[in-house]
Amino acid sequence: MFSFIPNEYFLLAFGFILLIKGGDWFVDAASGIAKRFHLPELLIGATVVAIGTTLPEVMTSAMGAAAGSGAVAYGNAIGSIICNTSLIAALTIAIKPAKADRKSLIFPVCFFFGTAIFYSLNAYLFGRFDLWMGIVLLLGFVVYMIINVINMKKNPAPAETIEVDEHDVESKTETTSTLGLLKDIGVLIVSALVIAVGAYLLVESATTIAHDLGVPETIISLTIVALGTSLPELVTAITALMKGHGALSLGNIIGANIFNLVLVSGAAITINPFDVPSEATFLGNNASLIFDIPLVFAVMAIMTVPTIIKGKLQRWQGITLLSLYAAYCVLQFVILPNFA
């Protein structure tokens with residue numbers, strides 16, 4: 001009865017359903033773990049949640065690199081950072097600006113810009129990403145996680161005060177806490193897999209549809225694939241916002257952007273080193289070096305610098321970032337094709 005509808009559209013819809021449900025489970029489990037260990041939500045978002053929502057980027061970039069498609073690996077990582085910040089974070093900021101813990105923000109923000117400078121220097125100076133760089137980026141991921149774990153132990157979130165009977169605590173707390181923790185960890189793992197499968201189905205179907213419409217691979221990786229693999233961040237951000245976990249949402253975006261550089265790019269480069277894609281050009285120059293990389297720095301600076309100074313997100317930041325993303329899409333789909 002529905003034979004006139006291509007299979008890609010069914011997969012597209014099913015991928016969306018998996019992403020939405022997986023994101024709902026993921027946020028509940030992550031916030032549960034944060035409360036159980038009295039950990040700051042921003043740090044949980046920048047580590048545990050960010051790893052889970054970055055799984056689609058890791059899978060897509062690794063598969064692209066293994067297949068010899070450096071454009072997919074590169075475009076997915078850079079495009080996801082732009083999408084995460086100027087679309088996903090921007091939407092949540094524009095809808096409901098939230099307060100932010102400046103102390104918890106300083107380290108991940110500085111780590112991101114330090115890594116981004118290292119990544120960019122290689123792109124501009126050498127025009128390619130060699131094996132040694134991939135290894136350095138992966139080591140950076142390990143260092144980032146270790147430092148975050150240390151910070152979590154040093155800066156625990158205040159415990160909630162709840163009146164309970166002492167005898168009940170002695171007899172029930174240990175068993176209940178252990179079972180609850182195992183349940184949260186199980187839900188976290190399952191929901192991360194559900195999110196990854198949903199993103200994979202969505203990206204595969206969207207890419208097939210785009211190819212059928214004649215859209216070039218570089219543009220697909222920087223926009224469609226990047227948006228598709230960033231949907232877990234979008235679902236997690238919106239779900240966290242609706243559930244009142246604004247810090248978790250902000251931490252997730254910053255952490256995911258860091259992982260796109262150190263984990264996603266590091267893994268792809270280590271698997272198969274590649275040149276900076278140069279398919280798209282502007283006035284005879286590599287368009288990615290002119291627009292994409294500078295935009296990564298610009299959108300992260302707009303989102304984080306005023307937030308650290310003021311200790312809160314402001315609606316103008318979200319509106320500005322959304323405007324930049326709209327202009328970026330026009331650039332990719334309308335302007336650059338005319339300069340090819």
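**Notes on helix packing, cores and cysteines**

1. In this predicted model, Tyr-74 touches Tyr-119, Phe-129, Phe-274, Val-276, Pro-277, Ser-288 and Ile-293, leaving aside residues up to four places away in sequence.

2. A second, separate core has 9 residues, among them Ala-30, Ile-33, Ile-44 and Ala-192.

3. The largest nonpolar core comprises 57 residues, and those touching the most other members are Tyr-74, Phe-112, Tyr-119, Phe-129, Ile-258, Phe-259 and Met-303. Two or more residues each are given to this core by helix 2 (41–66), helix 3, helix 4 (102–126), helix 5 (131–154), helix 7 (217–242), helix 8 (246–271), helix 9 and helix 10 (315–335). Helix 3 supplies the largest share, 11 residues.

4. Helix 3 (residues 70–95) and helix 9 (residues 287–310) have axes that come within 10 Å and cross at roughly 35°; the crossing is left-handed. On the helix 3 side, the contact includes Tyr-74, Ile-78 and Ile-81, and on the helix 9 side it includes Ser-288, Asp-292 and Met-303. The contact residues divide into 12 nonpolar, 3 polar and 1 charged.

5. How many disulfides does the count come to? The count is 0. The sulfur of Cys-83 has its closest cysteine sulfur in Cys-329, at 8.1 Å, which is too far for a bond, because a disulfide requires sulfur atoms within 2.5 Å.

6. The two cysteines may also be described by accessibility. Cys-83 is buried, at a relative accessible area of 1%, whereas Cys-329 counts as partly exposed, at 23% relative accessibility.

Conventions
Residues are numbered from 1 along each chain as its sequence is written. This is a predicted model: local features need pLDDT of at least 70, side-chain atom pairs count only at pLDDT 80 or more; totals for chains, interfaces and linings use all residues. Side-chain values use heavy atoms; hydrogens and water are left out. Axes are lines fitted to C-alpha atoms, for helices over the stretch in contact, and angles run from 0 to 180 degrees between N-to-C directions. Helices (H or I, at least four residues) and strands (E, at least two) are DSSP runs, numbered from the N terminus. A crossing is left-handed if the near helix is turned anticlockwise from the far one by less than a right angle, and right-handed if clockwise. Contact means heavy atoms within 4.5 Å. Ala, Val, Leu, Ile, Met, Phe, Trp, Tyr, Cys and Pro count as nonpolar, Asp, Glu, Lys and Arg as charged, and the others, Gly among them, as polar. A nonpolar core is a set of buried Ala, Val, Leu, Ile, Met, Phe, Trp, Tyr and Cys residues joined through side-chain atoms within 4.5 Å. Buried means under 20% relative accessible area, exposed over 50%, partly exposed in between (1.4 Å probe, protein chains only).
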